[in-house]
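Here is a short report on one protein chain. Keep the sequence and the structure side by side as you read.

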Amino acid sequence: QVQLVESGGGLVQAGGSLRLSCAASGIIFSINDMGWYRQAPGKQRELVATITNAGSTNYADSVKGRFTISRDNAKNTVYLQMNSLKPEDTAVYYCAATVRTIARTLMDYWGKGTLVTVSS
């Protein structure tokens, strides 16, 4: 089974930075799109950033200019560099990926999330 494991969350003061990482493991043929989503307590999950296999990126308006998504295809890993963090960025951040398994079928996978808390 394919697993996505996030890391790098924690407590940071407003204006600070964190880098999240998400490593995919398992029997994987290839990974297409990858992305980061977040969910604050009592709120809906929202898209933060996505990146295609070719490196094309998209960002939520709320994080443009502050967050950068990147990936290392050789490591099956996606990163989210978060700068100039604001209290409203506080949420559980989830990694997602569309994976082609060794059976060559496309499947969507989600990580369990990592908590980011930004204090004011």
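Arg-104 sits in the loop between β9 and β10 (106–110). The strands here are DSSP runs (E, at least two residues), the helices are runs of H or I with at least four residues, and both are numbered from the N terminus. Arg-104 has a positive phi of about 70 degrees, yet it is not a glycine. Most residues other than glycine have a negative phi.

Arg-104 also lies over the face of Phe-29, at 4.3 Å from the ring centre. The rule for such a placement is that NZ of Lys or CZ of Arg is within 6 Å of the ring centre and within 35 degrees of the ring normal.

## About the model

This is a predicted model, in which local features need pLDDT of at least 70 and side-chain atom pairs count only at pLDDT 80 or more, while totals for chains, interfaces and linings use all residues. Residues are numbered from 1 along each chain as its sequence is written, and side-chain values use heavy atoms, with hydrogens and water left out.

## Overall build

How many helices and strands does the protein have? There are zero helices and 11 strands. Along the sequence the pattern reads β-β-β-β-β-β-β-β-β-β-β.

The C-alpha trace spans about 50 × 25 × 25 Å along its principal axes. The radius of gyration is 14 Å, which agrees with the value near 14 Å for a compact globule of 120 residues. That radius is taken over C-alpha atoms, and the globule rule is 2.2 Å times the number of residues to the power 0.38.

## Surface and contacts

Of the 120 residues, 38% count as buried. Buried means under 20% relative accessible area, exposed means over 50%, and partly exposed lies in between (1.4 Å probe, protein chains only). The protein exposes about 6,500 Å². Carbon and sulfur atoms supply 48% of that area. The areas come from the Shrake-Rupley method with a 1.4 Å probe, and for residues only the protein chains shown count as cover.

Now take contacts (heavy atoms within 4.5 Å). Among those between residues at least 6 apart in sequence, 54% join residues at least 24 apart.

## The disulfide

A disulfide is a covalent bond between the sulfur atoms of two cysteines. The test used here is a pair of cysteine sulfur atoms within 2.5 Å. A search of the whole structure finds one. Cys-22 and Cys-95 form it, with their sulfur atoms 2.1 Å apart. Cys-22 lies in strand β3 (residues 18–25) and Cys-95 in strand β9 (residues 91–101), so the pair ties together parts that are 73 residues apart in sequence.

The link of Cys-22 and Cys-95 is left-handed, with -80 degrees about the S-S bond. Are these cysteines buried or exposed? Cys-22 is buried, at 0% relative accessibility. Cys-95 is buried too, with a relative accessible area of 0%.

Gln-39 lies in strand β4 (residues 28–39). Gln-39 is partly exposed, with a relative accessible area of 26%. Which residues does Gln-39 touch, not counting residues up to four places away in sequence? They are Gln-44, Arg-45, Ala-91, Val-92 and Tyr-94.

Two of those names meet again. Arg-45 lies over the face of Tyr-94, at 3.8 Å from the ring centre.

Ser-119 lies in strand β11 (residues 114–119). Ser-119 is partly exposed, at 30% relative accessibility. Ser-119 and Ala-14 are 105 residues apart in sequence and 5.7 Å apart in space, C-alpha to C-alpha. Leaving out residues up to four places away in sequence, Ser-119 touches Leu-11, Val-12, Gln-13 and Ala-14.

Thr-57 is in strand β6 (residues 57–59). At 31% relative accessibility, Thr-57 is partly exposed. Thr-57 and Ile-28 are 29 residues apart in sequence and 22 Å apart in space, C-alpha to C-alpha.

## One more positive phi

Asn-76 is found in the loop between β7 (67–72) and β8 (77–82). Asn-76 has a positive phi of about 50 degrees and is not a glycine. Asn-76 counts as partly exposed, at 24% relative accessibility.
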